[in-house]
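Trainee: I would like to take a close look at one part of this structure, the strands and how they pair. Could you walk me through it slowly?

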Amino acid sequence: MLAALLLMGVSVFGQTNTMAASIARGKVLYQNICLACHQADGSGVPRMNPPLIRTSFVLGDKTKLITIVLKGLNDDVEIEGEYYSNPMPPQAQLKDQEIADVLTYVRNSFGNKAGAVKAAEVKVVRAKIK
Amino acid sequence: MNKTVSLATVALATFLTSFGPGVPGTTVKPDADNAGLKLPSGFGALVAAEGLGHARHLTVTPEGNLYVKVEGTRNKGNTIWYLQDTNGDGKIDNKTGFFKYDGTGIEVKGNYLYASSNTDVYRFKLNEKHQVIDTTKAETIVTGLINRHQHEAKAFTLDNEGNLYVNIGAYSNSCQTKDRTKGSMGMQPCPILDSAGGIWQFKADKANQTYGDGQRYATGLRNVVGLDWNTQLNQLFVMQHGRDQLHDLFPDLYDEKQSAELPAECMYALHKGSDCGWPYIYYDQFQHKKILAPEYGGDGKKTGGDHIQDPAAAYPGHMAPNAILFYTGTMFPEKYRNGAFIAFHGSWNRAPEPQKGYFVVFQPFKDGKPAGDWEIFAEGFAGPGEIKSPGQAQHRPCGLAQGPDGSLYVSDDVKGTVYRIVYNK
C-alpha cells in the first residue's frame with residue numbers, strides 16, 4: 001500500500017508533485033528511515049545524532065545536504081557549540097524523487113522553512129559523486 | 001585530664017563537621033524539593049554543584065572532595081573539575097578546572113587520579129590530601145585505542161591488584177557489512193572484535209601501553225560505559241549497551257514495539273576470557289534466552305551462543321546504563337549494602353515509542369548474585385511529563401560515586417549537575 005502510494009507520487013507528477021505532496025511523501029520516508037536517530041521532532045540525540053532544526057546543514061546549500069544523504073556522514077559535526085559524531089549510513093538506495101521528498105519534508109518541518117528539493121537536483125549531485 | 005581529652009575530641013569532631021564534607025558523622029541538609037528527585041522514604045537529595053558542562057563520570061576522595069570528568073568541549077575547555085565543599089554544607093563552594101581532553105572515565109585509586117580521553121588513559125599524582133600535585137603533568141598510561149565516532153568513551157575501572165580495565169566499544173551497531181543499513185548481514189567472523197567490542201586489561205602503573213601491552217580480558221561486549229570492581233567478590237561487573245534498531249534493519253522480523261523493548265540491557269559478572277556474545281546473539285528478557293541476531297540468521301526465536309556467558313541480570317532495552325556502583329557504605333539501610341546502583345542515562349532508540357530510563361536503579365544482591373527484582377531508586381532527573389525524544393530531558397544521570405560518609409553522588413551530563421543523595425533516619 002505504502003509502496004503503491006509512493007509509486008503514484010513519483011509517476012503521476014503534475015497533479016501530485018506539488019510541494020505539499022512532496023512533503024507528505026517525505027514524511028512517510030522520514031518516519032521509516034530517519035526518525036529512529038533524528039527523532040520525531042527532528043531534535044536528534046544530544047552529542048550523538050545531529051538535530052535537523054534550524055541548522056545550516058539543513059537550510060543551507062542543497063548540494064551539501066543531498067551529498068550527506070547519498071554518501072552518509074562519518075565526521076565530527078558542530079552545531080551551536082555542540083558536537084555530534086555518530087556515523088550516518090549512506091541512503092543512496094533511495095530514488096532521486098524519494099531523496100527530494102524527504103529533504104523537502106525536513107526543510108519544511110520542525111520549525112524549518114526552506115525551498116523544496118527537486119528530483120532533478122538530486123540526479124545532478126548523484127551523477128557528480130559517482 | 002579526662003575532661004580535657006573529651007573536650008578536645010568534641011572540638012575535633014566539630015572541626016570535621018564544619019570542614020570535612022562527606023566525612024562520616026557529617027550530616028548535610030537535603031534541598032527542600034530534594035533537588036527535584038523522587039526517592040524512597042527516608043532519603044533526601046541536594047544539588048551539590050551545577051553548570052559543570054557535560055559531566056560524565058565522577059569520583060570522590062577520602063576527604064569527600066570530587067573530581068568530575070567532562071566531555072564535549074572538543075579539547076577547548078577544562079575537562080576535569082576538582083570540587084570542594086569547604087564549609088561542610090554539602091554545596092560545592094570551590095571549583096578548579098584542568099585537563100584538555102574530552103572523555104568519560106575518572107577514578108581516584110591510591111595516590112593517583114586516573115582519567116580517560118576517547119583514545120587514552122592518563123593519571124595524575126596526588127598529594128596526601130588527594131589533590132593533584134601538578135595539573136599540567138598527566139602521565140600517559142594507555143594510548144592509541146580505537147575511536148571511530150561511535151561508542152568511543154573509554155570508561156574504565158581498577159582492581160586492587162594494580163590492574164586497569166578499559167572498555168573499547170565496538171565502532172558498529174551489530175557488525176553488519178554495512179553498519180546500520182537495512183538488511184545488511186553480519187560479517188563472519190566479526191573483525192571488530194580483534195581491537196574493540198570488549199574490555200581490555202592493562203597495568204595501572206606502566207606508561208604508554210597500547211594494544212600489544214594489554215590483553216583482551218572479555219569480548220563480545222558491544223559497548224560498556226558502566227563498570228565497577230566488586231571488592232567483596234573480587235570481580236569485574238559491567239553493564240552492556242545492547243544493540244539498536246531491530247525494526248529499522250529487519251522490519252519483517254520485528255515491529256516497532258518489539259524493537260523498542262529488545263534486546264535487554266545486560267549486567268555481566270566477568271572473568272578472564274568471558275565472551276558475552278555480541279554481535280552474534282542478544283539477550284531477550286521476555287523469553288529469558290540468548291537469541292541469534294538477525295544479521296547472523298536469527299528470526300527473533302532461534303537461540304544461539306550455547307558457549308556464551310549468560311547475563312547476571314537483564315533490564316529493559318535501550319535505557320543506556322552509564323554507571324554501576326556497588327554500595328559499601330553504612331549511611332544507607334542494610335538492604336543496600338553490597339547491592340548495585342545503576343545509572344540509566346535514558347533511551348533514544350525507542351522512538352517512535354516514548355523514551356524510558358533517565359533514572360537510578362537499585363539492584364539487590366545476595367551472596368554475590370543479583371537477588372530479586374530491580375527497583376527505581378531515584379527518578380525525576382528528566383523533568384515532568386513523558387520524554388518523546390532525549391533532547392527533552394532536563395537532566396540525564398551518567399555517573400555514580402560513593403562519598404566517604406556513604407552519600408551517593410550522581411552526575412548529569414545535560415547541564416552538569418551533581419546530585420548528592422543522603423539518608424536520614
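Which residue in E4(B) does Val68(B) stand opposite?

Mentor: Bearing in mind that this is a predicted model, Val68(B) stands opposite Trp81(B) in E4(B). That pair belongs to the contact between strand E3 (residues 66–71) of chain B and strand E4 (residues 80–84) of chain B, which run antiparallel and are joined by four bridges. Both strands sit in an open sheet of four strands in chain B, ordered E2-E3-E4-E5, with antiparallel pairing. Its edges are strand E2 (54–60) and strand E5 (94–98) of chain B, each of which pairs on one side only, and neighbouring strands of the sheet are turned against each other by 25° on average, direction ignored.

For other pairings in this chain, take strand E13 (residues 215–219) of chain B, which pairs in the antiparallel sense with strand E12 (residues 198–203) of chain B over four bridges, with Trp200(B) standing opposite Arg216(B). E13(B) also pairs with strand E17 (residues 274–275) of chain B, here in the parallel sense and over two bridges, and Ala218(B) has Ser274(B) as its bridge partner in E17(B).

Five bridges join E27(B) to strand E28 (residues 408–412) of chain B in an antiparallel arrangement, in which Leu400(B) stands opposite Val410(B). The two strands E27(B) and E28(B) form a hairpin with five residues between them, and in its turn Gly406(B) has a positive phi of about 95°.

Terms used: Residues are numbered from 1 along each chain as its sequence is written. Chains are lettered from A and ligands numbered from 1 in the order in which they are written. This is a predicted model: local features need pLDDT of at least 70, side-chain atom pairs count only at pLDDT 80 or more; totals for chains, interfaces and linings use all residues. Two strands pair if DSSP finds at least two bridges between them. Axes are lines fitted to C-alpha atoms, for helices over the stretch in contact, and angles run from 0 to 180 degrees between N-to-C directions.
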